[in-house]
Amino acid sequence: MRRRILAAAVTAAALALLTGCFPTGDNGPSPDDPNTLRVLAGSEVKDMVPILQDAAAATGVNVLFTYTGTLAGTELVASGGAEGTYDATWFPNNRYLALLPGADKQIKTATKIMTSPVVFGLRSSIAHQLGWDTVSPTWGEIAQAAAAGKFSYGMTNPSASNSGFSALVAVATALSGTGSALTTADIDAVTPAMTDFFSAQKLTAGSSGWLADRFVEDPTLVDGIINYESVLRGLQDQGEDLTIVIPSDGVVTSDYPLTLLSSADSNRAAAYQKLTAWLTTPEVQKRIALEVHRRPGIPGIDTGDEFPSDVLFETPFPNTLEVANTLIATYLDTARAPSQAIFVLDTSGSMEGDRITELKTAVADLTGSDTSTQGSFTQFRGGERITLLPFSTTPGTPVIVDVPKSDTDAALGQIRDEANSLVADGDTAIYDSLHAAYRLAITQKQQRPDTFVSIVLMTDGENTVGWEPSDFEQYYNSLGAEAEGIPVFVVLFGNGDVDALTHVADITGGQVFDALNGDLAKAFQEIRGYQ
């Protein structure tokens, strides 16, 4: 029986995604106020909001967050796309950003605020069986146990989230055995061992927070997760019986640099200096350690027994963009299990005109039309099974495309052609269509059990015909174990019913993505981090 102890947190997270920002004041600071820092950030720093509220009271500086994936955000900054909209960034690290052409021109200064290594959290009973509660294993030993089926785990998608990318770097570098930064030749050599390691990955995610929520919400999914030490400590605080395993041969540590952009004006630069000065005081550094479980960003802070005394061995980071991107592509194409994604697409009459055109563009981007780096990471990949299930008054006929491991052009072209043939007409049978999607998803999961199976629901309106929400919920609950691990990722578009559709994501263990302002392509790309 799935636990619901995090339902409120999931709903709150969905609402934060709908607004696109998280204000630190009661009514939210004005973005035009010179004492407001407009910060593009990873969702990992949401837990800093209470501390930032006190910072506003102490310094007069407010923070207005907009959340995005680390890799997508760093590409935006490096391209100059953040100029004028944001004054600063707060990602887990700037390492990937530093590899991007033009990034150095976009950054004025950066201040390390706090640190957290990416480590392994495993249910204590399994950690004890493996002896990892007393002796720290190497990544190679973890890979051997993974290949032997001794545990399963979840990790974020390296193309979307820094924690997954950091883990990927640490694993590949350790398996190479060179003790130095990876090369493309190293990646080729360790791909078989990486495949062993990722054979035990049974849960993926686009964000560290969502991964942690799913781990707690449904204990049957996996035995552990790779995540920030701070996130895992927070789960222990919630009562999770979890052992934190720090691999002995190296980790990648995030140093959370609050980074001022070159385009920030003098007022925002002054606000930045006030805020960073306050955040790096000993009192606040200790508070960060105790409240959000991140290690101090400055030396000499007494945190008592908050953190283990073991010395952390820092894994060298790739020093070229080519190596970093090759590593991500190798993970997506070869090392990890492929996905099966069912796209339930609203083609009712209200989609006519610009909306159906945007839908066709969004699907086309996933077939390779978007040639940006982020676009290349989010496109459909070899080994995946993609299903398009259009619906209006009734569910349509599903189109199932198995993308081959190589020579993918024909399969991707078929998906693109099917999307381009969609016509808007009729009523909106949301829940009948979800019913059809789950029947199909369960069959596909039985056919290919070692895959990530998910459903994407995109609708621009309210249900007008067929099953009601209560009918679908009753049906979903009747599925029991058959539906475990098959989430619905909901895209809110047009006049979509926010409350009803958020509930669908909640009960199925999915997530809500906001395209109410029309950016359907971006929402589809974000979802790819969860597949």
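I began with Leu-279 in this predicted model and looked up its contacts, leaving aside neighbours within four places in sequence: these are Met-48, Ile-51, Leu-52, Trp-90, Ile-113, Leu-258, Val-284, Gln-285 and Ile-288. I then asked which residues have the most contacts inside the largest nonpolar core. They are Phe-65, Trp-90, Phe-151 and Leu-279, in a core of 84 residues. Apart from that core I found another, which has 50 residues, including Phe-215, Ile-225, Leu-345 and Val-399.

Next I turned to strand S7, residues 153-156, where Tyr-153 and Met-155 point one way while Gly-154 and Thr-156 point the other way, and I noted that all of them are buried. In a regular strand the side chains alternate between the two faces of the sheet. I followed the pairing of S7 on to S8, to which it is joined in parallel by four bridges, with Thr-156 having Ala-205 of S8 as its bridge partner. S7 also pairs in the parallel sense with strand S9, residues 224-228, over two bridges, and there I found Gly-224 of S9 opposite Tyr-153.

My last entry concerns the second largest pocket, which holds about 520 Å³ of space and is lined by 29 residues, with Lys-202, Leu-203, Pro-449, Thr-451 and Phe-452 nearest its centre. The elements giving two or more residues to this lining are helix H9 (184-198), strand S8 (201-205), helix H10 (208-217), helix H14 (321-335) and strand S17 (452-459). Which element gives the largest share of the lining? S8 does, with four residues. Sorting the lining of the second largest pocket by class, I noted 13 nonpolar, 10 polar and six charged residues.

Notes
Residues numbered from 1 in each chain as written. Predicted model: local features only at pLDDT ≥ 70, side-chain atom pairs only at ≥ 80, totals over all residues. Heavy atoms only, no water. 1 Å grid on protein atoms, 1.4 Å probe; cavity = no way out; pocket = protein on both sides within 12 Å on 5 of 7 lines; lining within 4 Å. Points joined across faces, edges and corners; volume = space filled by probe spheres on them. Nonpolar A, V, L, I, M, F, W, Y, C, P; charged D, E, K, R; others polar. Core = buried A, V, L, I, M, F, W, Y, C linked by side-chain atoms within 4.5 Å. Buried < 20%, exposed > 50% of the residue type's maximum accessible area, 1.4 Å probe, protein only. Contact = heavy atoms within 4.5 Å. Pairing = 2+ DSSP bridges.
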